[in-house]
Amino acid sequence: MLEEFITHIENHFPNLLEERFLIACSGGIDSMVLVDLCARANLHFALAHCNFRLRGSESDGDEKLVRETAQKEDIRFYVTHFDTIGYMNEKKVSLQVATRELRYAWFAEIMHENGIDNLITGHHADDNLETFLINLSRGTGIDGLTGIPEKTETISRPLLRFSRNDILQYAKSENIQWREDSTNAETKYVRNNIRHRIVPLLKELNSNFLTNFQNTQDYLGQTAKIADNHIEQVRNTYFKNEGDRTRISVLGLSQLKPLKGYLYGLFKSYGFTEWDDVENLLTAMSGKEVFSETHRLIKDRDNLLLVKRNHTDENQYEIKENQHSIDVP
């Protein structure tokens, strides 16, 4: 696995060969194997560990293992402790959302303060399959079916092509220590339920299921890129920037088929989710509006006006019969 990992880094993550990066290390098997692989590949990195204070001595044991590993390998170590329950109560969010928001905000802070451009996580192929199934069960478009991205501007996931079994076998063969999170066995969480009950059945039906899934993900990813390129061409045709607003031809949009699919592709990045409302706006009276968290669409006769929302000044606009335009702040 080490040679395959190094080749994968050289071919797909060459920047990691030259620059220092940050590994998010929980102490679990995935991140501990990732640390071992990066160390054996002579890559330059630091470790960051979050203690969410959710499992008492178990959480402290996770921190101890990561700290000792950093000391043994002479790796820079960052650690923080969160009042996770307090954050959940304050923000009114679930445990999963709370831990995700807390850790990624802290990772970003470390990276900013230390001039680090890349965060590396231990997500693997089985994580990707679980995410796919979660999104499928909730209803999603092609974006949700393409799974966890291997790379973004700031996050890289070099283990995505490796399976959970690959990682387990490597950990055993190299005598790598890791910590088991006891909550991972609880099936009250959707992901755990899928991991322990659904995925084993799929693999039992077809021993090559994970490999076939990875191939399908590649095909879906390529299809998504083709669709994104086409949507960008359509956007360039019908979206006309006018300073702090964008004017969009209603006639142009109305000719696109399938209409709802195009509307989703064109407006999803602006936070819109109520696609029936967006579609109805095309035939609505002037002055009708649809809102997302960040933007609003305003019907202006033969056009839609796309404007960033100013939550401190949500003005209403009346368009009179002989009025030919409106001024939007």
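Tutor: A disulfide is counted here when two cysteine sulfur atoms lie within 2.5 Å of each other. The model is a predicted one, and a search of the whole structure turns up zero disulfides. Take C38: its sulfur is 10 Å from the closest cysteine sulfur, that of C25, so the two are too far apart for a bond. C38 counts as buried because its relative accessibility is 2%, the cut-off for buried being under 20%. C50 is likewise in no disulfide, and its nearest cysteine sulfur, again in C25, is 10 Å away. With a relative accessibility of 12%, C50 also counts as buried.

C38 belongs to the largest nonpolar core, a set of 29 residues. It is among those with the most contacts inside that core, together with F5, F21, I23, V33, F45 and L47. Two or more core residues come from each of α1 (2-12), β1 (21-24), α2 (29-40), β2 (45-51), α3 (57-73) and α8 (164-173). The largest share, seven residues, is supplied by α2. In soluble globular proteins, nonpolar side chains tend to be buried together.

Apart from neighbours within four places in sequence, F21 is in contact with L16, C38, L43, H44, F45, A46, I116, N118 and I120.

The chain is divided into domain 1 (1-123 + 151-182) and domain 2 (243-308). Their centres, taken over C-alpha atoms, are 41 Å apart.

Helix α10 covers residues 209-238, 30 residues in total. From its first C-alpha to its last it reaches 42 Å, close to the 44 Å expected at 1.5 Å a residue. Its buried residues are L210, F213, Q217, A224, I231, V234 and R235. What covers them includes α6 (125-138), α7 (142-145), α9 (190-205), β6 and α12 (259-267).

Strand β6 (residues 239-242) runs antiparallel to β7 (residues 245-249), and four bridges join the two. Across this pairing, N241 stands opposite T246 in β7. The two strands make a hairpin with two residues between them, and G243 in the turn has a positive phi of about 70°.

Conventions:
Residues numbered from 1 in each chain as written. Predicted model: local features only at pLDDT ≥ 70, side-chain atom pairs only at ≥ 80, totals over all residues. Heavy atoms only, no water. Core = buried A, V, L, I, M, F, W, Y, C linked by side-chain atoms within 4.5 Å. Buried < 20%, exposed > 50% of the residue type's maximum accessible area, 1.4 Å probe, protein only. Contact = heavy atoms within 4.5 Å. Domains from an automatic or database assignment. Pairing = 2+ DSSP bridges. Expected span 1.5 Å × (residues − 1).
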